[in-house]
Amino acid sequence: MTTAPLDKPMQIGKAQLSHTAVFWIGFCVILAVLIVAPLVLPEFWRRFLTESLIWGLLAMSSDLLIGYAGMVSFGHSAFFGLGMYGAAAALTVITPPNLWLAIIFGLVGSGVAALFVAYFSTRLRDIYFAITTLIFSQIFYVIIFTWTEVTGGENGLIFDRPRLSIPFVYNVRFTSTTLHWFVLAVVAGSYLFLRRVTRSPFGMVLQSIRENEPRTLAIGYSVARYKMVAVMLSGLFAGLAGVLYAVQNEFAAPNFVFFLTSGETVIYNVIGGIGTLVGPIVGAGFFQLARELLSRLFGDQFPYLIPLGIVFIAMIIFLPQGILGFARRWLNR
Amino acid sequence: MGTVANFLHAIPLDLIIIQTINGVVTGMILALIASGLTLIFGIMDVVNFAHGELFMLGAYVGVIIVAVTGSFWLGLIASALIVGVFGAALQIVTLRPLIGRDPLNTILATFGISLVLQNYALWQFGPVSRKIPDPMSSSFTLFYLQYPWYRIVIALLSAAIIGGLYLFLKYSKFGIWIRATAQDRVMAQAMGIPVPLVYTGVFAIGSAMAAASGVLFAPTTGVDHTMGLDWVLKAFIVVVVGGMGNLGGSILAAIFISLLESYAAIWLDPSQAVIVSFVALILTLLFRPTGLFVATPK
């Protein structure tokens, strides 16, 4: 009788320890695999993996809104695109091209876009939010597409890749392997940061907005302000993905600001599992892999979005939790 | 006084009249699309992302039927019927399992449908735009232009279809079912109204209207696989500006937005004139978030 109350907290302590331990061991193993991967993969698949990670970062940024705050954004292409064009501005105007300036410019660009979108669209909820984010992203698309003198219009901008530099310490050219490691570091860091955010009091308020917005307001939280910060945070990480994409591919094109990019971001989320942060990365990888395999099997002209769209619809009907949905509670514990 | 007179003189009156007519004509097509969209939303709580693709599909079916039979009017009616039946099938397969779930699920599902349809059209018909020949070649003189009568006919036909929809909703048995379901789904079901059938019917009607507007619009420009997105975006703006689910508001907003864009096109490049309707949307969201033509709820 006397031992029971003593045993209980110990067991809980043990269970918590093992959960954290399993999480971090899993994290390190996956990270290690991704670190080693470029050393063994051929050039094409190395680039492919880097690019999938970048799309994963974009999808993860949108998961903060979709999965945690319950706001489906159809406008993430605007943040991604502004990040891309911000980086392009830094890399074309300033010589020699500087990686860190590109990141700063990209974040400023996507931050301004996110502020604009957040201010107007957080007045609305649910589907209205989705529609207005979509329309706002098209505003940026039209501006970028038609303002040829600055953005290069339909042709976009081409620039050189910056060197990987830490001032006074380190300055080398990017190879596809070091670029992969750099992208991996950014994506892993973003994941840890966003995971911390979703488990913070701020993240808890976002989840309570998702579950019951009027009640959250009634408790006394300034829902509008929380939503705005969430959209801006999400926009900044989407912009970061845009910068990485620009650095990897050495161009910025209006296609990426087009609504299709936003749509694919939502697809990554639904396929991978919303509200898990890693799920969208898995979804992005799955999507890119399926696309690559389909175009290898049936040729370049094959409309890969037909089978993938059908898979997407089927998943919404039969498996709305996504591939990693079963692990959602565990990952957020 | 002199400056005012100069300013008034600088406004190209003939251009304004021409653009007013253009704006009303595109506004009526837009109203036809948006009223289908707002009908589906008002009754089913479904934001139909695939509406633009149904519009495009209708135009393509019209292209095929006009090419085979040579009759534009047969193409218009057959395309509306075919796409209407297709829409009903689409609703049964993809949207019926989602009844009762969060409306966000339906926006995702219809987005998936729009991707599939758009890529199917690209795959089947290729990127080159097709054309339906003008069903009537006569025109009248408007200042220095030969303005085709067909455009006036489009506006009148669209108005007739919308009027028909209104009468259908008001007086027919199915229309009364639809309105009863819109008011209270559970109560309607308790009274013996087959609500799932009403949903399918509403989606079919919305699809048929989108297809009809696609065929009507096709002769004025070409038909290609991307035409749906432009129009569905405009229709979304119209539906938000006019107030979601509000049929009268959508029609007024459609004409309002089209007129704004036409006037803007006098001074701006047409591709930039879209920004004017974006600005209208932003202002609406700022000052009248429930829509321009609805009383703001207290």
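**Chain A, overall**

Helices here are DSSP runs of H or I with at least four residues, strands are runs of E with at least two, and both are numbered from the N terminus. I note that this is a predicted model, where local features need pLDDT of at least 70, side-chain atom pairs count only at pLDDT 80 or more, and totals for chains, interfaces and linings use all residues. Residues are numbered from 1 along each chain as its sequence is written, and chains are lettered from A and ligands numbered from 1 in the order in which they are written.

I looked up the radius of gyration next. It is taken over C-alpha atoms, and the globule rule is 2.2 Å times the number of residues to the power 0.38. For 333 residues a compact globule would come out near 20 Å; chain A has 21 Å, which agrees. Along the principal axes, the C-alpha atoms of chain A fill a box of roughly 80 × 50 × 50 Å.

Burial came next. I call a residue buried if 20 or more other C-beta atoms lie within 10 Å of its own, exposed if 12 or fewer, and partly exposed in between, with C-beta atoms placed from the backbone. In chain A, 44% of the 333 residues are buried.

I then checked contacts, meaning residue pairs whose C-beta atoms, placed from the backbone, lie within 7 Å. Of the contacts in chain A between residues at least 6 apart in sequence, 77% join residues at least 24 apart.

**Chain A, a helix pair**

How do α2(A) and α10(A) cross? I found their axes coming within 9 Å and crossing at roughly 175°. α2 spans residues 43-69 and α10 spans residues 223-249. Axes are lines fitted to C-alpha atoms, for helices over the stretch in contact, and angles run from 0 to 180 degrees between N-to-C directions. α2(A) is therefore roughly antiparallel to α10(A). The cut-offs are under 35 degrees for roughly parallel, over 145 for roughly antiparallel, 65 to 115 for roughly perpendicular, and oblique for the rest.

I listed the residues in this contact. From α2(A) they include Ile54(A), Leu57(A), Leu58(A) and Leu65(A). From α10(A) they include Val231(A), Phe237(A), Leu244(A) and Tyr245(A). By class I get 15 nonpolar, five polar and two charged residues. Nonpolar covers Ala, Val, Leu, Ile, Met, Phe, Trp, Tyr, Cys and Pro; charged covers Asp, Glu, Lys and Arg; the others, Gly among them, are polar.

**Chain A, two loop residues**

Gly322(A) sits in the loop between α13 (305-318) and α14 (328-331). It has 25 C-beta neighbours inside 10 Å, so I log Gly322(A) as buried. Its C-alpha atom is 5.0 Å from that of Gly272(A), 50 residues apart along the chain. Beyond four places in sequence, Gly322(A) contacts residues including Ile271(A), Gly272(A), Gly283(A) and Met315(A).

Most residues other than glycine have a negative phi. Leu277(A) lies in the loop between α11 (259-272) and α12 (278-298). With 28 other C-beta atoms within 10 Å, Leu277(A) is buried.

**Chain B, overall**

Chain B has twelve helices and two strands. From the N terminus on, I read the order as α-α-α-α-α-β-β-α-α-α-α-α-α-α. A compact globule of 298 residues would have a radius of gyration near 19 Å; chain B has 20 Å, which agrees. I log 46% of its 298 residues as buried.

**Chain B, a helix pair and a loop**

α3(B), residues 51-69, packs against α10(B) at about 135°, with axes 7 Å apart. The two helices are therefore oblique to each other. Residues meeting here include Phe55(B) and Met56(B) in α3(B), and Trp231(B) and Val232(B) in α10(B).

Is Asp45(B) buried, exposed or partly exposed? I found 18 C-beta neighbours inside 10 Å, so Asp45(B) counts as partly exposed. Asp45(B) lies in the loop between α2 (13-44) and α3 of chain B. Its phi is positive, about 60°, although Asp45(B) is not a glycine.

**Where the chains touch**

Methods. Contact = placed C-beta atoms within 7 Å.
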